[in-house]
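Subject: Structure for your review

Dear colleague,

Please find below the sequence and structure that I am handing over to you. My notes on the side-chain contacts and the metal site follow.

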Amino acid sequence: MNKDSQNIKILRGRTLSFLRQPEGVDDISAYSYFEDGGVAIKGAKIVGFGEFADISQRFNGKIIDYRPHLLLPGLIDPHLHFVQMQVVASYAANLLEWLNNYTFVEEQRFADPDHATLIASAFFDTLIRYGTTSAAAYCSVHQASAEAFFGEAEKRNMLMIGGKCMMDRNCPEALQDNAQTGYDYTKALAEKWHGRGRAKYAITPRFAITSSPEQLQSVTALMSEFPDCYMQTHLSENMEEIAFTKELYPEHQDYLAIYEHYEMLGTKSLFGHAIHLSDRELDAMAQSGSVAVSCPTSNLFLGSGLFDHDRVQRAGAKIAVATDIGGGTSFSMLKTMDEFYKIQQLNGNRFDPLLAFYRMTLGNAKALSLEKNIGTLGVGSDADIVVLDAGATPEMALKMQRVKTLAEELFLLQTLGDDRAVVETYVAGKALKSGLR
Ligand SMILES: [Zn+2]
């Protein structure tokens, strides 16, 4: 009995939290689900999770009743670019044209701290609106953009991974650092922000095209100086990108071999896209515990290719799924999973809705090595929670009349849902979405 309940609140609703990766829609031991569930929150942490009757007996506190809605852990987006909010929906033939015509122009605006703060603030409010409580984001090359990113995340107490891009060639001069300044600025930012509150730093060389060998050498040094930090970069997104990369690094046998040479693989290394990989590359990803981060709406939008979930999983590599704003076209992790599902259909893979919701929550948390903090409603987790309504729009409500199982409801949310299906978003125990309206 824990009736000592100062500052406790109890969220009541239908609660769903994964315990491990499900193997099909009938795999009921992969998750905890309570038709009338309760989540007790004290401060920023979850202190109780189970049947509401049990939780309300054990804890005294304010009850917030969300029935009949679903309560899940906050959604996690492990790859996007906060500096590309105004690049979304830019018309281009392919990745390299899109980078040169829009993205590299837009990112130059982030030298201005005021602009960076304005967009960072809009960025986090947007994530909250869409039920995303944690993300791994690229900032621009400017320190100001990373300062704005972490500063605004801290104001909202959000668990965010981010880093300033490192780029010293093949982009406009205004977006270039060099091997030395890229190292110095990254080091200063990592020292200041990594582990401060909920912030985590990611060493962020954009990709091999925009980093010289000298710069990648400085990434090696940074990774050994800051072994607890993340490393994020792009890998094998598009065929022209791969061909250009091979021209720049002819001495390496394939794309991933470049990153291997600079010792950039590991359990905290996030490789965005990872579409066109050889068996050797996939094997090296698996052996090193590196993460392949698929970005479905971006891959379709830029015509980059179709990430094969089952092939990557068979190879034993870790998988995450992300929006990749602004190559991606939606901030919604629900919509992202809808597009990921369609890509798996084209690959001939079955991708069931339980697996989709696992990927958005515990799966992405595990890919980020953060499953002890986020991605579940388990006791001791950070109280990042999303409340979802599968009848949020008239057509969803109509379809809900025919829905009989939890898996069917999740599939409806994934197929037709977006920010309108997000009733509330809790970040570190605080309801933030309702405050935005
Ligand atoms: Zn990206």
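Are Phe-123 and Phe-331 buried or exposed? Both Phe-123 and Phe-331 are buried, where buried means under 20% relative accessible area, exposed means over 50%, and partly exposed lies in between (1.4 Å probe, protein chains only).

Before the details, a note on the source. This is a predicted model, in which local features need pLDDT of at least 70 and side-chain atom pairs count only at pLDDT 80 or more, while totals for chains, interfaces and linings use all residues. Residues are numbered from 1 along each chain as its sequence is written, and side-chain values use heavy atoms, with hydrogens and water left out.

Aromatic pairs

The count comes to 20 aromatic pairs; rings of Phe, Tyr and Trp (its six-membered ring) pair if their centres lie within 6.5 Å, and planes under 30 degrees apart count as stacked, over 60 as edge-to-face and the rest as tilted. Phe-123 and Phe-331 form an edge-to-face pair, with 6.3 Å from centre to centre and 65° between the planes. This pair links distant parts of the chain, since Phe-123 belongs to helix α3 (residues 113-129) and Phe-331 to the loop between β13 and α12, 208 residues apart. Helices (H or I, at least four residues) and strands (E, at least two) are DSSP runs, numbered from the N terminus.

The rings of Tyr-255 and Tyr-259 have centres 5.7 Å apart and planes at 40°, so this pair is tilted. Tyr-255 and Tyr-259 are four residues apart in helix α8, about one helical turn. Tyr-255 is buried at a relative accessible area of 1%, and Tyr-259 is buried at 0%. Ring pairs also link residues into a cluster, whose members include Phe-123, Trp-193, Tyr-201 and Phe-331.

Trp-193 has a further contact: the charged end of Arg-196 sits over its ring, 4.2 Å from the centre. A charge sits over a ring if NZ of Lys or CZ of Arg is within 6 Å of the ring centre and within 35 degrees of the ring normal. Lys-268 is placed in this way over the ring of Tyr-230, 4.7 Å from its centre.

Salt bridges

The whole structure holds 25 salt bridges, each being a side-chain nitrogen of Lys or Arg within 4 Å of a carboxyl oxygen of Asp or Glu. Glu-409 and Arg-14 form one of them, with their closest N and O atoms 2.5 Å apart. Glu-409 lies in helix α15 (residues 406-416) and Arg-14 in strand β1 (residues 8-18), so the pair ties together parts that are 395 residues apart in sequence. Both Glu-409 and Arg-14 are buried.

Asp-384 and Arg-198 meet in another salt bridge (2.8 Å, N to O), and both residues are buried. Salt bridges that share partners join Asp-384 and Arg-198 with Lys-45 and Asp-382 into one network.

The zinc ion

Which residues are the protein donors of the zinc ion? They are His-79 (NE2), His-81 (NE2), His-234 (NE2) and Asp-324 (OD), lying 2.1 to 2.4 Å from the zinc ion. Donors are N, O and S atoms within 2.8 Å of the metal (3.2 Å for Na, K and Ca); water is not among the atoms, so sites may look incomplete. Along the chain, the donors follow the spacing H-x1-H-x152-H-x89-D. His-79 is buried at 2% relative accessibility, and Asp-324 is buried at 4%.

With kind regards
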